[in-house]
Amino acid sequence: MKLVKAVIKPFKLDDVKEALVNLGVKGMTIYEVKGFGRQKGHFELYRGAEYEVDFVPKVVVEVVVTDDMEEQVVEKIMQTARTGKIGDGKIFIMDVSRCVRIRTGEIDERCL
């Protein structure tokens with residue numbers, strides 16, 4: 001099993017969610033974060049004064065999938081989250097050694 005963690009722009013969340021559900025992903029975890037990469041923030045104007053925004057708002061989408069779905073999920077996220085502009089985000093893929101459904105005790109791929 002793989003944990004696919006994608007850091008994306010917030011306005012792309014609905015598109016990514018819909019694409020993953022259509023692909024057969026049964027669940028996901030979403031949380032809002034702030035951070036920066038190569039862009040190192042940006043400047044904004046508020047009431048005529050310019051100020052620097054060090055941390056850019058992002059959304060993290062986490063899904064655990066079977067090994068055979070990994071490439072499809074990564075490709076679908078890349079297609080739907082891409083704007084072609086700086087700050088589109090990153091995708092991280094990690095091995096998941098075990099999964100246990102708390103309610104039933106189902107393990108590994110049966111708990112997905």
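How many helices and strands are there in the protein chain? There are two helices and six strands, where helices (H or I, at least four residues) and strands (E, at least two) are DSSP runs numbered from the N terminus. The model is predicted, so local features need pLDDT of at least 70 and side-chain atom pairs count only at pLDDT 80 or more, while totals for chains, interfaces and linings use all residues. Residues are numbered from 1 along each chain as its sequence is written, and side-chain values use heavy atoms, with hydrogens and water left out.

**View 1. Order of the elements and extent of the chain.** From the N terminus on, the elements of the protein chain run β-α-β-β-β-β-α-β. The C-alpha trace spans about 55 × 25 × 20 Å along its principal axes.

**View 2. The disulfide of Cys99 and Cys111.** The structure holds one disulfide, a term that stands for a pair of cysteine sulfur atoms within 2.5 Å, and this disulfide joins Cys99 to Cys111 with an S to S distance of 1.8 Å. Because Cys99 lies in the segment after strand E6 (90-95) and Cys111 also lies in the segment after E6, the pair ties together parts that are twelve residues apart in sequence. The torsion about the S-S bond of Cys99 and Cys111 is about 130°, so the disulfide is right-handed.

**View 3. Burial at the cysteines and in the chain.** Cys99 and Cys111 are both buried, that is, under 20% relative accessible area (1.4 Å probe, protein chains only). Of the 112 residues in the protein chain, 30% are buried.

Note on methods. Buried means under 20% relative accessible area, exposed over 50%, partly exposed in between (1.4 Å probe, protein chains only).
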